[in-house]
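Subject: Structure handover

Hi,

Here is the structure for you to look through. Open it first, then read my notes below.

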Amino acid sequence: MDQALDKALDHRDFYRLPWNYADNGISWLEPTTKCNLRCEGCYRDLENPVHKTLDEVRADLEVFRRLRKSDCMSIAGGDPLVYPDIVPLVKMVKEMGWKPIVNTNGIALTEPLLKELKEAGVFGFTFHIDTSQNRPKAKGWSETELNAERLRYAEMVAKVGGLACSFNATVNEQTLPEVPNLVEWARKHADIVQTMVFILFRSPDLTGEFDYYAQGRKLNFGSTYKETQWGGQRSVFAPEVAATIRTVDPLYKPAAFLNGTANPESLKWLLANRIVLGGEIMGYVSPRFMELVQNVTHLFTGSYLAYAGPGSTARGKLAAFAAGLIDRDMRAVFWRIVKTCLTKPANIFRRAHLQSFMIIQPVNFEADGRQDMCDGCPDMTVHDGKLVWSCRLEELNQYGSFVEAAPRPAAQ
Ligand code: SF4
């Protein structure tokens with residue numbers, strides 16, 4: 001990694017999100033492995049897709065209920081919209097006390113289904129849209145061109161109203177230069193886009209420096225995951241994405257993070273929230289603001305906040321004012337809001353929208369072979385009655401245990 005970029009972000013400047021194994025913002029439910037797309041580098045076995053029964057899904061939810069508190073339940077897959085009982089499933093998740101978030105590529109989403117899901121209690125959608133997918137109606141489109149697809153879904157969700165709308169995009173070294181166009185696109189649509197998530201592409205075989213083992217046997221670990229050239233030649237790290245975002249939004253400043261399990265400095269989840277008023281960026285919320293939001297929410301609801309609905313994220317002025325009473329950084333954001341209202345009086349009547357950027361940096365290998373996972377992993381799922389990292393579920397399915405890495409001995 002570029003040392004200058006690495007030093008540009010110091011984890012000690014940010015609030016460490018209080019999420020942990022037993023008490024988290026999010027949990028991750030997989031009712032199906034079936035999907036209607038074939039994303040490059042997808043970590044699920046799509047050749048032998050299976051739907052769980054509703055009873056099996058309920059059993060998974062009972063495991064979560066027994067082992068872990070969380071604000072939201074991400075319903076993922078596969079693609080959850082090809083799950084035949086998605087509507088009753090969303091209802092079940094809601095009735096059991098979580099905010100249901102549907103993580104989908106959106107291909108199977110229609111307006112009538114959207115309305116049915118809203119009636120069943122869906123809290124929001126996270127749409128995965130990027131160039132790794134070869135989407136049927138967007139073949140060969142660049143990340144920037146795919147903003148038209150993103151807008152189509154954001155408008156569909158906004159039309160139904162009252163639902164959170166987020167977008168995931170996997171980022172590699174080739175698509176990184178397009179990230180500013182996504183950030184700019186999000187600024188223009190801050191009223192209907194609450195969150196942008198950039199997931200950094202990882203391939204376990206990038207380095208070739210390790211041997212892999214499961215249950216004492218040496219493996220060809222690469223065969224667990226689909227071969228792809230899509231990821232490019234090198235891994236991208238969170239500080240590089242942050243620097244790229246700053247080229248188009250100089251105020252960009254993260255506030256909170258999750259560190260790695262092997263490296264406390266690694267920025268596994270890096271969260272920044274900006275306030276946008278009338279298309280202009282007023283600034284980013286401070287680490288203290290994040291701390292306040294997480295702790296107050298936990299105090300009153302019993303779990304940490306992961307997703308906020310559009311009704312809450314449209315209260316950027318109130319957030320800046322209230323947090324400004326106790327925090328200097330938030331006061332600066334509030335005064336910027338006041339100034340822009342004075343120079344452009346129409347802004348007095350506009351809403352200021354909070355918009356989040358999350359950069360997720362999945363597993364990295366330390367030189368000694370340890371795999372640096374997200375500490376306090378929000379995307380834990382259920383396997384065999386236990387909570388496991390969803391990004392490594394395939395290892396359990398194929399080998400019956402997680403895979404260990406060891407540095408390859410030097411050639412004699
Ligand atoms: S450890 Fe894996 S499953 Fe958990 S948040 Fe990180 S990338 Fe996602």
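Predicted model: local features only at pLDDT ≥ 70, side-chain atom pairs only at ≥ 80, totals over all residues.

A8 counts as partly exposed, at 49% relative accessibility. The cut-offs are these: buried is under 20% relative accessible area, exposed is over 50%, and partly exposed is in between (1.4 Å probe, protein chains only). A8 lies in helix α1 (residues 3-8). Helices (H or I, at least four residues) and strands (E, at least two) are DSSP runs, numbered from the N terminus.

Residues are numbered from 1 along each chain as its sequence is written, and side-chain values use heavy atoms, with hydrogens and water left out.

Salt bridges

Side chains of opposite charge can pair when their charged atoms come close. A salt bridge here is a side-chain nitrogen of Lys or Arg within 4 Å of a carboxyl oxygen of Asp or Glu. How many salt bridges does the structure hold? It holds 21.

Start with E95 and K91. They form a salt bridge, with the closest N and O atoms 3.4 Å apart. Both sit in helix α3 (residues 86-95), and because they are four residues apart there, about one helical turn separates them. E95 is exposed, at 59% relative accessible area. K91 is partly exposed, at 43%.

Next, K344 and E280. Their closest N and O atoms are 2.5 Å apart in the salt bridge. This pair links distant parts of the chain, 64 residues apart. K344 is in the loop between α11 (328-343) and β13 (352-360), while E280 is in strand β12 (residues 280-284). Both partners are partly exposed: K344 has a relative accessible area of 42%, and E280 has 30%.

Then D327 and R288. Here the closest N and O atoms of the salt bridge are 3.7 Å apart. D327 lies in the loop between α10 (316-324) and α11, and R288 lies in helix α8 (residues 287-301), so the pair ties together parts that are 39 residues apart in sequence. Is D327 buried or exposed? D327 is buried, with a relative accessible area of 6%.

Helix packing

Two packed helices are described by the angle between their axes and the distance between the axes. Axes are lines fitted to C-alpha atoms, for helices over the stretch in contact, and angles run from 0 to 180 degrees between N-to-C directions. Angles under 35 degrees count as roughly parallel, over 145 as roughly antiparallel, 65 to 115 as roughly perpendicular and the rest as oblique.

Take α10 and α11. Their axes are 7 Å apart and the packing angle is about 135°. That makes α10 oblique to α11. The crossing is left-handed; that is, the near helix is turned anticlockwise from the far one by less than a right angle, whereas clockwise would be right-handed.

Now α3 and helix α4 (residues 111-120). Their axes come within 8 Å and cross at roughly 25°. The two helices are therefore roughly parallel to each other. The crossing of α3 and α4 is right-handed.

Backbone points to check

Most residues other than glycine have a negative phi, and most peptide bonds are trans.

- G77 and G78 are joined by a cis peptide bond, with omega about 20°. G78 is in the loop between β3 (69-75) and α3.
- Q215 is not a glycine, yet its phi is positive, about 50°. Q215 is in the loop between β8 (210-214) and β9 (217-219), and it is exposed at 57% relative accessibility.
- D384 is not a glycine either, and its phi is positive, about 55°. D384 lies in the loop between β16 (380-383) and β17 (386-389). D384 is exposed, with a relative accessible area of 66%.

Best wishes
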